[in-house]
Each structure stands twice: as C-alpha cells, then as structure tokens.
Amino acid sequence: MVSEEENVKIQQLLIKYCEPEDQLLQHIDRETNLKVLMPRMLSGHYQGRVLSMLSKMISPKRILEIGTFTGYATLCLAEGLTEDGIIYTLDINAELEDMVRGNFAKSPLNSKIKYTIGDAQESLKSISETFDLVFIDADKKNNGTYYDLIFDQVRAGGLIIVDNVLWSGKVVNNAQDKDTKNISSFNDKINEDTRVEKLILPVRDGLFVIRKK
C-alpha cells in the first residue's frame, strides 16, 4: 500500500519527467485557483501533458471537447491539431466566458478554437463534422448521453476520452450516491461496447481512453 507521503513523491516525480507547462497554461492554472469555484476541475500539468501527448500521437484534424471550464485542457488538446485543424469546445457556464475567451486570445492556437456557450446537447446539433478525437469532461450524469450522441461522428480509429471515471475511488468502493452510480453505469456501458477498444488510465481521477474500431 502506497503511503500518502510516497504518493506525493510519485506525483512530484511524474511532473519532473514530463514536458513543462508553457507560461499561458501556468497563468490559467493560477487564475483558476485564485478566482474560480471548484478549481480542482482543471486538468492541470500532468493530465494536460497526457492529453497533449494523445492528441499529438494521432494528429487530429477535428477535435470535440464537451466541457471547457477555463480552457486549460482545450489548449493542451489543440497542440496536436494539424495545420488546418479545429477544436470545437462546448460549455454551459456563461460566467466564465470572458475569462476563457481572454485565455484563448493569448494563445497562438486561438484561430483553431471554436468556443460555444450553451447546452452541449443542443450545440452538437449544429456541428456536422467527423471527429478524430473527442474529450468528454462535463456533467457526469450525461456521459452516456454525450457518448451516444457523438459516436457516429467519430471516425474509425478515432479516440473518445472521458474524464473522472474513477470518481475519487468511489467506483471501487461501490459508493451508493447518485453520481457514483451514474459513473459506474457508464463504465459498464463502455466495457460492454464491442464497437470499441478501451482502457482506463489512472491519471488523476481516471481517464477512459476509448478507440473506435
């Protein structure tokens, strides 16, 4: 069993041996922690590098992100886009819009980002693209709904990545609260889906990496 002290040292080692954050990502991390409720929702340095690496490995032309928050993961995913690539990112929180647009405006990737405020299920109706990569990190009760809505728009060989599937370990302990039950049900749904290959990476709160066959 790994102690809390050992776990901290492991996290420090992971950060030491991955690519550094650029100044804009550092700024977003700092501003989010200072000014935004529930800053833990931010992907952060290590998970951000994981998302960047996965994106760069497949060089996507089209990315969909459901759940922008303050834009940290958006910029990490966008790093792998092709020269003519676009990332569509959807969020319902209008209170963060000015901050997020300000963050994106500081990035050389800004022209590749299409940021939409509104209900994601409605916003998706107006996006007729084929996606190489989808990142789902929004209201957890709708993970399955988003998955079903976008599945046919993901190309064969494309990736769907879903965040928070370990839910602070509650899925292991069979917690009976509604959120944990929803996440466990989603995990079971993916496990039984023969159209995909899948694995969970124990990165932060768990990333389900799903490859469409």
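## A sheet and its surroundings

Strand β4 (residues 131-136) and strand β5 (residues 154-163) run parallel and are joined by five bridges. Helices (H or I, at least four residues) and strands (E, at least two) are DSSP runs, numbered from the N terminus, and two strands pair if DSSP finds at least two bridges between them. The model you are looking at is predicted, so local features need pLDDT of at least 70 and side-chain atom pairs count only at pLDDT 80 or more, while totals for chains, interfaces and linings use all residues. Residues are numbered from 1 along each chain as its sequence is written, and side-chain values use heavy atoms, with hydrogens and water left out.

Seven strands make up an open sheet with mixed pairing, in the order β3-β2-β1-β4-β5-β7-β6. At its edges stand β3 (113-117) and β6 (196-201); each has a single partner strand, so one side of each is left without a neighbour in the sheet. On average, neighbouring strands of this sheet are turned by 15 degrees against each other, direction ignored. Helix α5 (residues 97-105) packs on the sheet and touches β2 (86-91) and β3, and the direction of α5 makes about 180 degrees with that of β3. Axes are lines fitted to C-alpha atoms, for helices over the stretch in contact, and angles run from 0 to 180 degrees between N-to-C directions. Contact means heavy atoms within 4.5 Å.

Strand β1 (residues 62-66) deserves a look too. Five of its five residues are buried, so β1 is largely enclosed by the rest of the structure. In a regular strand the side chains alternate between the two faces of the sheet. Both faces of β1 are covered, with Arg 62, Leu 64 and Ile 66 buried on one side and Ile 63 and Glu 65 buried on the other. Five bridges pair β1 with β2 in the parallel sense, and Leu 64 has Tyr 88 as its bridge partner in β2.

Next, compare some single residues by how accessible they are.

| Residue | Relative accessible area | Class |
|---|---|---|
| Val 165 | 0% | buried |
| Asp 132 | 11% | buried |
| Ser 59 | 41% | partly exposed |

Val 165 sits in the loop between β5 and α8. Beyond its neighbours within four places in sequence, Val 165 is in contact with residues including Val 171, Ile 183, Ile 200 and Phe 208. Asp 132 belongs to strand β4. Leaving out residues up to four places away in sequence, Asp 132 touches Ile 58, Pro 60, Lys 61, Arg 62, Arg 155, Gly 158 and Leu 159. Ser 59 is placed in the loop between α3 (44-58) and β1.

Most residues other than glycine have a negative phi.

Two helices meet as well. The axes of helix α7 (residues 143-151) and helix α8 (residues 178-191) cross at roughly 35 degrees and come within 9 Å. From α7, Asn 143, Gly 144, Tyr 147 and Asp 148 make the contact, and from α8, Phe 186, Lys 189 and Ile 190 do. By class, this contact of α7 with α8 has three nonpolar, two polar and two charged residues. Ala, Val, Leu, Ile, Met, Phe, Trp, Tyr, Cys and Pro count as nonpolar, Asp, Glu, Lys and Arg as charged, and the others, Gly among them, as polar.

Finally, which residues line the second largest pocket? They are Cys 18, Glu 19, Pro 20, Arg 49, Ser 52, Met 53 and Lys 56. A pocket is an open set of points on a 1 Å grid over the protein atoms alone, where a 1.4 Å probe fits, with protein on both sides within 12 Å along at least five of seven lines; lining residues have an atom within 4 Å of a point. The lining of the second largest pocket divides into three nonpolar, one polar and three charged residues.

Key: Buried means under 20% relative accessible area, exposed over 50%, partly exposed in between (1.4 Å probe, protein chains only).
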